[in-house]
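Keep the model open beside you as you read.

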Amino acid sequence: MKVIWLGHNLAYPPKGGALQRNYNLLREIARKCEVHVLAFDQPVTRPAKVTPQDCIQALSRFCESVDWVSLSSSFLRRTRYGLALTGLMTGEPYDLAWLRSVEMSDKLRKLVKKISPDVVHVDTLGLAQYLPLFRNVGTVLNHHDVESSKIQLRAKNESNPLLRGYFALEAAKLAAAERKWCQQFRVNAVVSENEGAILSRACPDLKVRVVPNGVDTEYFTPRPDPGTNALLFCGSMDMHPNREAMDYFLKRIWHRVVSQSPDVELYVVGRKPPEWLEHLGKVDPRIHVTGFVDDVRPYFQKTVVCICPIVSGGGTRLKILDSLAMGVPVVATPFAASGLSLEHGKHLLLADTEQKFAEHIRRLLTIPSLRSELASAGSKRVDQLYSWTLVGQTLMDAYDFACHNSVKATHQA
């Protein structure tokens with residue numbers, strides 16, 4: 001099977017979020033398919049020392065070909081604010097305007113003609129606009145999250161009335177784009193049954209397949225309990241849900257934790273932390289803000305509890321799966337764990353109030369047997385359901401379905 005992977009990032013280095021998901025899925029499908037990657041390069045997702053050529057070299061170890069297009073920011077229309085302003089005037093969602101490129105269209109058209117793909121994997125809604133360039137092949141539209149639902153929730157949680165209005169409008173435009181484009185793909189791949197239900201309610205009769213987030217169980221392996229008083233939060237800090245989560249935790253929960261465990265420490269690991277968080281790390285010696293790290297495993301190894309106080313966003317949280325794979329107990333909000341087949345009190349602890357969140361942390365800090373039980377059950381659950389080998393097969397099944405329906409549709413035409 002020949003697959004074109006049309007991406008919005010170069011999937012390297014695989015450090016969290018969409019990059020981690022895409023790298024591992026590409027590696028898995030390349031075991032069975034001839035994979036050709038054509039993707040936009042987003043400099044913000046790469047550490048300064050990693051170049052596009054480094055990404056190409058890494059992906060070329062298992063992909064047949066890798067090519068990329070720059071997301072230029074040299075003109076007003078290509079800046080975040082320029083695109084947002086254009087969207088307000090045209091009624092087009094930001095995600096589509098952001099990923100529109102004549103160069104991408106030209107390269108994609110040539111690649112389709114050259115290799116005659118069986119499947120084109122479109123990795124986000126904003127890239128669906130390129131669908132007219134590859135008709136009569138198997139088509140799969142991937143959703144890292146349901147974009148309209150994610151932005152709608154952000155609008156609901158936004159305190160600034162101007163921003164609330166902007167995000168509400170953007171959510172409506174995204175919902176219209178989903179209704180237009182999703183039904184034109186043979187398969188829509190989502191990360192959870194919950195997300196599939198949300199998408200299907202808005203776009204009836206879709207062929208939806210769940211391709212969950214996963215974890216590299218050979219890279220993230222259980223560590224011995226270090227017996228420290230260290231907490232850990234992992235996540236790219238240039239992502240709104242992660243910044244919001246730390247703001248929520250530090251303003252509403254941290255003081256409760258400190259009052260119960262004065263010697264507790266908190267490590268916040270992730271690229272581009274905001275200035276307010278870096279400042280807090282300087283004035284409170286218990287808070288350590290690392291920025292980007294090449295390998296997060298040493299922080300898991302010295303941590304007794306991972307926290308996930310996420311209250312908005314979309315998709316499912318890979319940070320929870322990574323933590324469980326390492327045998328680190330997790331305390332999370334119910335929203336953060338939504339879409340994952342995990343049970344409160346067995347695989348992790350869920351808290352729907354600030355007081356419960358702090359109390360769960362205190363219990364884990366003081367009861368080693370509880371940590372041991374959760375660590376064992378959590379790592380086993382990940383092995384059973386969320387290894388990338390298993391997840392990769394669900395994507396292959398989606399490709400097979402898309403190919404079958406493509407052939408059937410072509411014969412009926």
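For a chain of 413 residues, a compact globule would have a radius of gyration near 22 Å, and the 21 Å found here agrees with that (the radius is taken over C-alpha atoms, and the globule rule is 2.2 Å times the number of residues to the power 0.38). Along the principal axes, the C-alpha atoms fill a box of roughly 70 × 45 × 45 Å. Please keep in mind that this is a predicted model, in which local features need pLDDT of at least 70 and side-chain atom pairs count only at pLDDT 80 or more, while totals for chains, interfaces and linings use all residues. Residues are numbered from 1 along each chain as its sequence is written, and side-chain values use heavy atoms, with hydrogens and water left out.

Let's take the sheets next. Strands of a sheet pair through backbone hydrogen bonds, either parallel or antiparallel. Here, seven strands line up as β3-β2-β1-β4-β5-β6-β7 in an open sheet with parallel pairing (two strands pair if DSSP finds at least two bridges between them). At its edges stand β3 (65-70) and β7 (208-210), each with a single partner strand, so one side of each has no neighbour in the sheet. Direction ignored, neighbouring strands of this sheet are turned by 20° against each other on average. At one end of the order, β6 (residues 187-190) and β7 pair in the parallel sense over three bridges, and A189 has R209 in β7 as its bridge partner.

Helix α1 (residues 17-29) touches β1 (2-7), β2 (34-41) and β5 (138-142), and its direction makes about 170° with that of β1. Contact here means heavy atoms within 4.5 Å, and angles run from 0 to 180 degrees between N-to-C directions, with axes fitted to C-alpha atoms, for helices over the stretch in contact. Helix α8 (residues 193-202) touches β6 and β7, and its direction makes about 135° with that of β6.

Now for the other sheet. Six strands form an open sheet with parallel pairing, in the order β10-β9-β8-β11-β12-β13. Its edge strands, β10 (287-291) and β13 (349-350), each pair on one side only. Strands β8 (residues 230-234) and β9 (residues 265-269) share five bridges in the parallel sense, and F233 has V268 of β9 as its bridge partner.

Among the residues in contact are I151 and A155 of α6 and F167 and L174 of α7.

The axes of α9 (residues 240-252) and α11 (residues 275-283) come within 11 Å and cross at roughly 40°, which makes α9 oblique to α11. Here R243, M246, D247 and L250 of α9 meet W276, L277 and L280 of α11.

Key:
Helices (H or I, at least four residues) and strands (E, at least two) are DSSP runs, numbered from the N terminus. Angles under 35 degrees count as roughly parallel, over 145 as roughly antiparallel, 65 to 115 as roughly perpendicular and the rest as oblique.
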